[in-house]
Amino acid sequence: MNRFVIPAFATVCGAAILALAGGASSAAPVPKDAGKNDPTPDLKAVFDTVSKTVKDEKWPAEADEKILRGTVQQVFERALKAADQKGRKLPVDFGTLTKATVAKEIKDKSLDGGFVIAGDVRVPKIRDSVIFASGKVQVTNARNCVIIGQNVRCDVVDNCVIIAGDYVRLTQARRQDGEDGSVLIAGQWIRTARMDGTICHVVRPGGLPAPDEKLDDIMVYPPIRTNGAKNVIFLNEGTATRANTLQNCTYLPQKTPIAK
């Protein structure tokens, strides 16, 4: 892999330039037969499992729960390896969480130490929690969490792992002194205002606008777009990303898929 490092606060021009510190242990291992013929983590299998769980309105069987937990662990580890980062634990320990009732919709209640499986989730604040959603996730503030949804929107995240089937939109992915940065993985788009210490990757980069962007013939729609990026590792080509200001950022385009 080629490495390109951007010096402090360079202004992007032309084609320059998206699921936690308090965890006590890593998530469950990937199931024994998962990815036997294709080791690439399958996000579709995750969302299919979540959709089935929501339809059945009951907690998934042990084998299905292992698929969910194991795939997240595998994607997280592959992203760290691709970014040339040392291994670390997920930001939250699945074994310490309180399992919530499976629901088609969860909203208006903050989560602390919860494990949620739902269709859509809209909550103001989450701490040390895990969300698996087959649809949309909307959170005001998240810290030390794992969030998985088709489309994920957050205002502020600290030390989170976010995996979206399609779209991640954040106001700020920040990093407190001495803590790990967030990891953002999206199928097609990542949009942020600011990122610090983040690892981000779009699995299937293309040129279409994100769901909340209007199609304009004269506009360019990079898979990853941010106003400001500091110490960010982009696991895509520089032409797939765009930023207004950059400080000490790195591009590590991938030849081997992190997920599919």
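Here are a few questions and answers on this predicted model.

Residues are numbered from 1 along each chain as its sequence is written. Local features need pLDDT of at least 70 and side-chain atom pairs 80 or more, while totals for chains, interfaces and linings use all residues, and side-chain values use heavy atoms, with hydrogens and water left out.

Q: How many helices and strands does the chain have?
A: Both are DSSP runs, numbered from the N terminus: helices are H or I with at least four residues, strands E with at least two. Going by that, the chain has 2 helices and 17 strands.

Q: Is R191 buried or exposed?
A: R191 sits in strand 12, residues 189-196. Buried means under 20% relative accessible area, exposed over 50%, and partly exposed in between, using a 1.4 Å probe and protein chains only. At 2% relative accessibility, R191 is therefore buried.

Q: Which residue's backbone oxygen does the R191 side chain reach?
A: Contact means heavy atoms within 4.5 Å. Leaving out residues up to four places away in sequence, R191 touches several residues, among them Y167, E213 and Y221. The side chain of R191 comes to 2.8 Å from a backbone oxygen, and that oxygen belongs to P222.

Methods
Polar contact = N/O pair within 3.5 Å; in protein donor to acceptor, adjacent residues only side chain to side chain.
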